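Here are my notes on the model, as numbered points. Please read them with the structure open.

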Amino acid sequence: MKILVVEDKLALAQSVISYLNSEGYTCHLATDAYEFEDFFSKHQYQFFILDVMLPFGDGLSLLKHIKTADADAPVMMISAKDAHDDRAKALALGADGFLTKPFHLSTLSTQIREILLQKSPRTALLTYKEIELNNMEKSVKILGVELDLTFTEFALLRFLMLNPNKVIPKNAVIENLNAQTALYFNNFEIVAAHLHQLRQKMGTAGKYVQTVYGIGFKLS
């Protein structure tokens, strides 16, 4: 999959591209609106990551340009500003996701996969051992029995199932929830309470949701 990253902060851009390359993506970098136009006219991309503030333009205008050319093109917006207004504007223009800097690279990678899941029904089913998560139906079954999960519990389990056997830092868990739900989480004790409830509802399969003390969680 080919991704165009449009970001003028080189240190961040290089970190993003290096991480996504290690995840199996092919990335190109545009550092301003002019470079974006050049890449966009010459290549076919399956995903876009756009900073809101750019030299010689802005990410929201580029977002409109992309969506005009292809309404279904997946676009993730990122912003370093107080992002409430930017988030609302970006989503209204058709953005598929929004992250506020700084963010964990694992959160960005997971958001990309979650957006692609939404775009492709053929890859809507996630499995881990006896757990089946259907992203289109927003349902979870364990050994064929459907669980009664809240939206937050579903989002937490999906995040872990998209990152099996990886240690997920606490802050990355919070970032992902803030990106996926209408709620805003800034207290990890609240998130830990949701994870506790999730484990209980999962029964014996709850043992797979492991706490890595002082760091975060993993599905293992």
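**Notes on the model**

1. Ring pairs connect F36, F40, Y45 and F48 into a cluster. Rings of Phe, Tyr and Trp (its six-membered ring) pair if their centres lie within 6.5 Å; planes under 30 degrees apart count as stacked, over 60 as edge-to-face and the rest as tilted.

2. A word on the source. This is a predicted model: local features need pLDDT of at least 70, side-chain atom pairs count only at pLDDT 80 or more, and totals for chains, interfaces and linings use all residues. Residues are numbered from 1 along each chain as its sequence is written, and side-chain values use heavy atoms, with hydrogens and water left out.

3. Overall fold. The protein has eight helices and 14 strands. These are DSSP runs, numbered from the N terminus (helices: H or I, at least four residues; strands: E, at least two). The radius of gyration is 18 Å, close to the 17 Å of the globule rule for 220 residues, so the protein is as compact as a globular protein of that length. That radius is taken over C-alpha atoms, and the rule is 2.2 Å times the number of residues to the power 0.38. Along its principal axes the C-alpha trace spans about 55 × 35 × 30 Å.

4. Burial and contacts. Of the 220 residues, 48% count as buried. Buried means under 20% relative accessible area, exposed over 50%, and partly exposed in between (1.4 Å probe, protein chains only). Among contacts between residues at least 6 apart in sequence, 57% join residues at least 24 apart. Contact means heavy atoms within 4.5 Å.

5. Aromatic pairs. The structure holds five of them. Y34 and F56 form a stacked pair, with 4.9 Å centre to centre and 15° between the planes. Y34 lies in helix α2 (residues 33–42) and F56 in the loop between β4 (53–54) and β5 (57–58), so the pair ties together parts that are 22 residues apart in sequence. Both Y34 and F56 are exposed. F36 and F40 are stacked too, at 5.3 Å centre to centre and 20° between the planes. Both sit in helix α2, four residues apart, about one turn of the helix. F36 is buried, at 0% relative accessible area. F40 is partly exposed, at 21%.

6. Backbone at F56 and N165. Phi of F56 is near 65°, a positive value in a residue other than glycine. The relative accessible area of F56 is 57%. Phi of N165 is also near 65°. N165 is found in the loop between α6 (151–161) and β12 (168–169).

7. Two prolines. K101 and P102 are joined by a cis peptide bond, with omega about -5°. P102 lies in the loop between β7 (97–100) and α5. P74 sits in the loop between α3 (59–69) and β6 (75–79). P74 is buried, at 9% relative accessible area. What does P74 contact, leaving aside its neighbours within four places in sequence? The partners of P74 are Q46, F47, F48, D96, I115, L116 and K119. The C-alpha atoms of P74 and F47 are separated by 5.2 Å, though the two are 27 residues apart along the chain.

8. S106. This residue is in helix α5 (residues 105–119). S106 counts as buried, at 14% relative accessibility. S106 touches Y19 and A172, not counting residues up to four places away in sequence.
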